[in-house]
Amino acid sequence: MIEIRPVSDLRNKFTEIENDVKEGQPVYLTKNGYGSMVIMSLEKYAQLTDDVELILDEADRAAKETNVRYSHEEVFSRVRRNIGGR
């Protein structure tokens, strides 16, 4: 279940939030009734970002092996083609 709390709970109920996050449940915080941030465990964050880090490391290695460089227009044009022309 999604847990949504006011940002003031960080100060007033930190231990509760910490326990929820350690159990793997992200906590969504609101400020003045609007979404403000999400708190998650380091393990969950790593799960979200590890694949991206690996791909970026691979791109860095590939860039070192060649002098070919692309402009941002070329890169975004290829991305748009790959996601359906948007």
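How many aromatic pairs does the count come to? The first point takes up this question, and the others follow from the sheet to the charged side chains.

1. Aromatic rings. The model under discussion is a predicted one. In it, the count of aromatic pairs comes to zero. Arg 78 belongs to helix α4, which covers residues 72-82. With a relative accessible area of 41%, Arg 78 is partly exposed, because that value falls between the limits of 20% for buried and 50% for exposed.

2. The sheet. Three strands make up an open sheet in the order β1-β2-β3, and their pairing is mixed. Strands β1 and β3 are the edge strands, each pairing on one side only. From one strand to the next, the twist averages 35°.

3. Strand β2, residues 27-31, pairs with β3 in the antiparallel sense, over five bridges. Two positions illustrate this pairing: Thr 30 stands opposite Gly 35 in β3, and Lys 31 stands opposite Tyr 34 in β3. The strands β2 and β3 form a hairpin with two residues between them. In the turn, Asn 32 has a positive phi of about 55°.

4. Salt bridges in total. How many salt bridges does the count come to? The count comes to five. In general, side chains of opposite charge can pair when their charged atoms come close. A network of salt bridges links Glu 3, Arg 5, Asp 9, Glu 16 and Asp 20. The next points examine some of these residues in turn.

5. Arg 5 and Glu 3. Arg 5 lies in strand β1. Its relative accessibility is 11%, so Arg 5 counts as buried, the limit for that class being under 20%. The side chain of Arg 5 meets that of Glu 3 in a salt bridge, with an N to O distance of 2.5 Å. Glu 3 also counts as buried, because its relative accessibility is 17%.

6. Arg 5 and Asp 20. Where do the two residues of this pair lie? The closest N and O atoms of the salt bridge between Arg 5 and Asp 20 are 3.9 Å apart. Arg 5 lies in strand β1 and Asp 20 in helix α2, so the pair ties together parts that are 15 residues apart in sequence. Both Arg 5 and Asp 20 are buried.

7. Arg 5 and Asp 9. A polar contact of 3.1 Å joins the side chains of Arg 5 and Asp 9. Asp 9 is also one of the residues linked in the network of salt bridges described above.

8. Separations along the chain and in space. The C-alpha atoms of Arg 78 and Ala 62 are 18 Å apart in space, while the residues are 16 apart in sequence. For Ala 63 and Arg 81, 18 residues apart along the chain, the C-alpha atoms are separated by 22 Å. Ala 63 lies in helix α3, which covers residues 42-64. With a relative accessible area of 31%, Ala 63 is partly exposed.

Technical notes:
Residues are numbered from 1 along each chain as its sequence is written. This is a predicted model: local features need pLDDT of at least 70, side-chain atom pairs count only at pLDDT 80 or more; totals for chains, interfaces and linings use all residues. Side-chain values use heavy atoms; hydrogens and water are left out. Rings of Phe, Tyr and Trp (its six-membered ring) pair if their centres lie within 6.5 Å; planes under 30 degrees apart count as stacked, over 60 as edge-to-face and the rest as tilted. A salt bridge is a side-chain nitrogen of Lys or Arg within 4 Å of a carboxyl oxygen of Asp or Glu. Buried means under 20% relative accessible area, exposed over 50%, partly exposed in between (1.4 Å probe, protein chains only). Helices (H or I, at least four residues) and strands (E, at least two) are DSSP runs, numbered from the N terminus. Two strands pair if DSSP finds at least two bridges between them. Axes are lines fitted to C-alpha atoms, for helices over the stretch in contact, and angles run from 0 to 180 degrees between N-to-C directions. A polar contact is a pair of N or O atoms within 3.5 Å; within protein, one must be able to donate a hydrogen and the other to accept it, and residues adjacent in sequence count only if both atoms are side-chain atoms.
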